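Subject: Structure for your files

Hello,

Here is the structure I said I would pass on. My notes on it follow below.

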Amino acid sequence: MKKLFAVVKKEYKVIVKKKSFIIMTVLTPVLMAGMMFVPVMLMKMGRTDKKIAVADYAGGYTQALSAKPQAGKAEKKGGFDMDAMDEQQGAEAAGRISFQQVEPAGRDAAALIKDYEQRVLKKEIDGLLLIPVDVKETRQVSYYSTSVSDFTTIKFIESTLRTAISKQLLLEKRIDPAVVDEATREISMETFKVKKEGTTKSDSGMDYMMSLFMIVILFMILINYGQMIMRGVLEEKTSRISELLIASARATQIFYGKLLGIGLAGLTQVGLWIILGAVLVSRFSGMVDSAILSFLTPEIAVYFVIFFILGFFVYAIPYAFIGAAVNTDQEAQQFASVLSVLIIVPYILGISAIQNPNSTLTMVASLFPLFTPILMFMRITTALPPLWQIATSIGLCVLTIWGLAWLGAKIFRVGMLMYGKKPSLGEMLRWVRYK
Amino acid sequence: MSELALSLQDLVKDFDGKRAVDGISFSVRKGEILGLLGPNGAGKTTTMRMVMDIIAPDAGRVEILGEKFSEAVKDRIGYLPEERGLYRKLKVMDTLLFFGELKGMKAALVRERGRALLQQFQLQGYEEKKVEELSKGMAQKLQFIVTILHDPELLILDEPFSGLDPLNIELVKDIILERKRQGRTIIYSTHLMEYAEKTVDALVMIDNGRKVIDGTLAAVKAEYGHKFIRVQYEGDARFVKDLPYVRSWRDSGREMEVELDDLSRREQLLRDLLGRVAVNGFALSEPSLQNIFIRKVQKGAGA
């Protein structure tokens with residue numbers, strides 16, 4: 001036990017004192033905070049970015065486009081507001097567009113288009129909107145721009161024009177203008193997330209981003225700490241330290257000590273992130289949207305820790321196998337890239353399944369121990385799965401880790417003292433039976 | 001209490017069908033320095049690794065400090081592997097702390113003894129330097145400190161002099177002798193027999209995985225008697241090896257070592273030399289271990 005502790009202490013100290021550890025520990029919460037604040041700021045700064053020329057042959061529509069609310073809720077509140085990111089996106093987009101009336105008087109549409117095509121290419125303007133005289137009948141307008149995939153802008157133009165035409169038609173039928181206004185009023189949608197603990201006002205865009213962000217972090221640290229173990233074991237082999245270690249302590253003490261020491265270092269980092277994150281969020285709670293606050297619950301933090309620990313052991317032990325089995329960095333990297341596929345698969349599955357976390361495929365895959373740490377965590381952050389599924393996945397993971405740890409200690413013992421020769425798979429199987 | 005620090009019985013180890021160690025037996029008394037001698041590839045390292053339970057013997061038994069090898073006994077042994085290595089990124093004192101604690105020492109004791117040893121090896125002031133910043137010689141010294149840090153009853157050193165400069169060879173030799181004076185047992189292997197000659201109490205010579213000579217230094221030397229003459233000369237002395245009373249002849253160009261059938265023939269040899277070469281020196285000599293080994297191996301091959 002004392003020897004195990006000596007190994008744990010050494011491994012832990014080495015990592016925690018590393019510059020990269022300190023930098024990552026501080027930088028990640030800062031990046032996270034940045035992710036929360038920067039989009040809003042960018043949106044505010046980039047507000048008057050777009051200039052669209054409107055060739056309004058029908059007349060009156062430019063005013064309608066310009067008259068539509070020019071700023072989202074954010075401006076009205078006078079602060080950072082993440083709500084602006086989703087349901088208010090249309091209005092936000094409008095805030096960034098300035099419409100300029102082009103006098104079409106006497107000019108042929110074809111010539112005008114030709115002229116403005118040049119100006120679009122020269123980036124003098126971002127687009128040309130052509131509204132024909134008979135727009136009321138044909139409901140056909142044309143938009144010329146270098147980027148026609150800007151859906152928020154296009155949606156905004158479409159809906160504004162539709163409303164304007166509807167208004168006009170109704171007014172022509174001599175409907176009371178007050179009724180017309182009432183009939184064409186905008187709809188705004190608020191989204192609510194249904195959870196066991198109670199329904200909260202939520203923002204699907206924000207949830208998506210937060211889930212994604214957490215999975216990216218989990219994925220990154222699992223790969224990072226796995227490779228750290230691999231390099232550590234390989235260093236002991238290439239620097240010929242293994243023999244000294246084996247002559248001083250049991251192979252299991254060294255192997256488990258290494259796993260625990262590096263695992264604890266990882267846990268320290270995760271713990272510091274959670275504390276730093278909590279401090280940042282509470283300090284700047286006024287600037288953080290309620291959607292983030294409702295996402296970052298203590299439960300999420302606890303699950304993050306649980307799945308980090310499970311993921312760490314599930315992946316670190318195979319990484320340690322690689323370190324013990326190979327002799328050079330290049331070989332290690334080759335095998336490691338095979339292993340990272342095993343981590344990338346649940347990561348990709350997770351990202352693609354965020355919007356539909358309850359599909360059968362996701363459910364089954366999240367119970368597979370090698371995928372559990374990332375996939376089950378993703379499900380928990382998006383739509384809390386039944387407790388029995390969480391419990392089963394954790395149970396299976398623990399069993400897998402137990403098996404891997406047993407196997408790992410054996411492969412470690414033999415592989416550590418194997419210099420120079422690349423072992424075949426058959427040989428590695430024989431190691432398991434050795435002693 | 002057993003008088004033996006180590007005993008090996010009929011150790012055998014095969015690697016891929018090739019026999020690396022072929023039935024080696026010997027024992028080491030407590031408080032003795034034993035040299036395990038032999039050329040490169042003779043099986044010295046394999047034997048030591050089996051003693052340290054790093055590789056399992058295919059046959060044979062090892063008894064160490066009066067018991068079968070166990071985890072507990074590891075704390076009482078200091079092992080210097082042939083393949084040296086330390087954590088390159090670890091600081092010197094942290095290195096000592098890690099390996100000391102791995103041997104069951106308390107941190108405070110490691111610091112105290114570590115400092116004293118660093119002083120003795122002229123490494124004081126390097127406590128906070130990383131191992132990778134040390135010169136090769138310094139790293140070797142640190143490795144040696146790691147080996148003796150926990151004051152082991154039994155030191156097992158695989159080629160302790162390799163890679164050391166002459167000054168550090170003297171230093172290591174002094175430390176080995178100092179340990180012996182404190183009643184510790186030391187076993188070391190080397191292919192440099194002239195070093196062994198000056199320190200060992202007993203020796204085991206192995207060649208091709210087999211033991212060829214075993215005994216105390218005095219006994220081994222006595223067995224080969226004072227039948228050697230060392231001659232410093234100038235000229236062509238090749239005729240000497242064909243003289244009927246010369247058993248063996250080793251020439252180094254300006255000095256030769258001649259083994260006689262009988263020491264009484266030495267005057268005959270001197271007479272035969274005079275006139276044919278210029279003799280600068282002529283003396284009785286003890287056989288060097290190297291000579292004994294070569295003779296033994298050649299005889300084995302001839303038989």
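How many bridges join β5(B) to strand β6 of chain B, and do these strands run parallel or antiparallel? There are 4 bridges, and the two strands run parallel. Strand β6 covers residues 154–158 of chain B. Across this pairing, B:Leu80 stands opposite B:Leu157 of β6(B). Please keep in mind that this is a predicted model.

The sheet in chain B

Strands β5 and β6 belong to an open sheet of 6 strands in chain B, in the order β5-β6-β7-β3-β8-β9. The pairing in this sheet is mixed. Its edge strands are β5 (77–80) and β9 (210–216) of chain B, each of which pairs on one side only. From one strand to the next, the twist averages 10 degrees.

Helices across the sheet

Helix α1 of chain B, residues 44–51, lies across β3 (33–37), β6, β7 (185–190) and β8 (202–207) of chain B. Relative to β6(B), helix α1(B) runs at about 145 degrees. Helix α6 of chain B, residues 166–181, lies across β3, β6 and β7 of chain B. Its direction is at about 150 degrees to β7(B).

Contact between the chains

Chain A gives 16 residues to the contact and chain B gives 20 residues. On the side of chain A that touches chain B, the elements giving two or more residues are α1 (2–16) and α11 (242–246) of chain A. The largest share of that side, 5 residues, comes from α1(A). By type, the residues on this side of chain A are 8 nonpolar, 2 polar and 6 charged.

Regards

Conventions:
Residues numbered from 1 in each chain as written. Chains lettered and ligands numbered in written order. Predicted model: local features only at pLDDT ≥ 70, side-chain atom pairs only at ≥ 80, totals over all residues. Pairing = 2+ DSSP bridges. Axes fitted to C-alpha atoms, helices over the stretch in contact; angles between N-to-C directions. Contact = placed C-beta atoms within 7 Å. Nonpolar A, V, L, I, M, F, W, Y, C, P; charged D, E, K, R; others polar.
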